[in-house]
Amino acid sequence: MFLLRLIISLSLLVLIPTSSFSLKAYLNSSFVKLETGKLTDTAVYQSLLGLGLKHKEKHAQVITRKRYQLGEKKWLALTKELAKTDEVFAIELANYYAGKGDTQSAKLWLAPHLTPSVPAATANIVRLYANLTLEQEHPEEAFEFLSKHPELRYEQATVLLALELGILSFIEQLLASQDSLAKAPYLTGLLADIFYFALPHAITIADRKPQLVVSSDIGSCEKSVTFFATSVQDIQQIRAHLDALKNHTLLSIVCPSEVRYLPISVLDCLMEPKQPILCNETIFSLFKQQVKTDYLAVMLPVGGANVHQGILYFDRQDSPQVLIHELAHFVGFVDEYPLRKHHQVCQPTGKAAGQNVIVFEDSYTRLNREQLLAKLPWGAYIKSTTPLWTLKQGRKLLGTPSSYVGEVGLFFSETCINNPTFAYKPIPKKSFMRYFEMDIPKLYQTLLHSDTNIFFQPSYLTNVNE
């Protein structure tokens, strides 16, 4: 019976003039009839399905694909065929590969829909391709796709990426466009809130909205610091860090003034993972007329945190505790972990290196107790009964005996272990200047609020040169 129906069906096809017959058109119309319920014969349906698959007809592929689970061999083969001509399936396939962590394969299936032969690549294709490119850490390439697509150039993600890359010319082009307010109503408010340096002409100084990030009165602080970030996300992260630290005693001495955007394209910095961030600091002389705080703090994408010339550098992976450790350098606290060879701190000067560390040329000194106490920033907190020397093999060496572990004294610090000099600190236990995760000891808090500001670092204003 089935064979008879198929013969009749095919014989009808023979009656159609060959000049107007198209197998593709026939299969297409037949599947439309199937989808609309106008063709219900199961045998004819199966025959059409087999014929459609043989000739790679889209409807047949779509119907058959539904029989298999995501990722199955036949599902994958059919999806690949469909993805060649249909962006919906290309996106599905790209998401499948992206979910497996294979962004390269994901991009390969999207790429044909981005070529000049497909000038009207949809926003969804471009957006996904750009996101995959960002995952591969190629922000410039991602921005290239987003900024050239007419539907995406006004999206906030594109603007934020331009800010991340410091491409201010693109921002200015958007602001100059008559469509900017209609297509990107958020734009003016966003830029007014974050721009500080290299301000686009459309955003005047009066439009800026500086925001204090702590409730402290900056005028009552010993020192103040302006934070800079190279992306809006970093601005938000810095604000979150400072909010988490708002009750920390250190922030009552060194007060954050505001957090501002700084185009990374303006900076000239060497940034390597696990290596101290190093920048051309003459660039910061450009801020002297605008930024009157004592110090600057700059968050960069990557690199080791450190303080130099009144400028704190840290990266977006650093925690609030790392930030506290680095801010402590501004007010004269010295690292208690081993510093590199020939570090400036470990040069014998006969003076305290900071609030918490003093360095001597050797472990023996001819100074008497009064002379030694006068050199220690924490000397006033040492009990008269606490010794400052230890007798070892008949020699009187610097250092409070370990039996006085609960006292303030003169204890060995690892600071200069890589140098020929000897460093000492006021308490034996480890502190936040050794491991940033640890709390600031009570004695250090006392020193912070005492009259020891001779150890405060000079302002960046006096350190950077034009």
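This note goes through several helices, strands and salt bridges of a predicted model.

1. **Helix 8, length.** Helix 8 covers residues 123–135. Its 13 residues, at 1.5 Å a residue, should span 18 Å. The end C-alpha atoms are 18 Å apart, so expectation and model agree.

2. Which residues of helix 8 are buried? They are A123, I125, V126, L128, Y129, A130, L132 and T133. Residues three or four places apart in an α-helix point the same way, because there are 3.6 residues a turn. The cover over the buried residues of helix 8 includes helix 6 (87–99), helix 7 (103–110) and helix 9 (139–148). After helix 8 comes E137, and its phi is positive, near 60°.

3. E144 and K148 both sit in helix 9. They are four residues apart, about one turn of the helix. Their side chains form a salt bridge, at 2.8 Å from N to O. E144 is partly exposed, because its relative accessibility is 38%. K148 has a relative accessible area of 61%, so it counts as exposed.

4. **F170 in helix 11.** F170 belongs to helix 11 (residues 168–176). Buried or exposed? F170 is buried, because its relative accessible area is 5% and the cut-off is under 20%. Beyond its neighbours within four places in sequence, F170 is in contact with F143, S147, R153, T158 and A162. Take T158 from that list: it is twelve residues from F170 along the chain, and the two C-alpha atoms are separated by 9.8 Å.

5. **E164 and R316.** The structure has eleven salt bridges. One joins the side chains of E164 and R316, at 3.0 Å from N to O. E164 lies in helix 10 (residues 156–165), and R316 lies in the loop between strand 7 and helix 15, so this pair ties together parts that are 152 residues apart in sequence. E164 is partly exposed, with a relative accessible area of 21%. R316 is also partly exposed, at 24%.

6. Another salt bridge links the side chains of E336 and K425, with an N to O distance of 4.0 Å. This pair also links distant parts of the chain, 89 residues apart. E336 is in the loop between helix 15 and strand 8 (358–360), while K425 is in strand 12 (residues 422–425). Both E336 and K425 are buried.

7. **Strand 7, burial.** How many residues of strand 7 are buried? Five of the five are, so the strand is largely enclosed by the rest of the structure. In a regular strand the side chains alternate between the two faces of the sheet. Here both faces of strand 7 are covered. I311, Y313 and D315 are buried on one side, L312 and F314 on the other.

8. **Strand 7, pairing.** Strand 5 and strand 7 run parallel and are joined by five bridges. Within this pairing, L296 has I311 of strand 7 as its bridge partner. Strand 6 pairs with strand 7 in the antiparallel sense, over three bridges. I311 is also the bridge partner of H308. Strands 6 and 7 make a hairpin with two residues between them. Q309, in the turn, has a positive phi of about 55°.

9. **Helix 15, burial.** Helix 15 (residues 320–330) is mostly covered, with ten of its eleven residues buried. The buried residues are P320, V322, L323, I324, H325, E326, L327, A328, H329 and F330.

10. What covers the buried residues of helix 15? The cover includes helix 14 (232–244) and several strands. These are strand 1 (223–229), strand 2 (254–261), strand 5 (295–300), strand 6 (306–308) and strand 7 (311–315). Just after helix 15, G332 has a positive phi of about 95°.

Methods: Residues numbered from 1 in each chain as written. Predicted model: local features only at pLDDT ≥ 70, side-chain atom pairs only at ≥ 80, totals over all residues. Heavy atoms only, no water. Expected span 1.5 Å × (residues − 1). Buried < 20%, exposed > 50% of the residue type's maximum accessible area, 1.4 Å probe, protein only. Contact = heavy atoms within 4.5 Å. Pairing = 2+ DSSP bridges.
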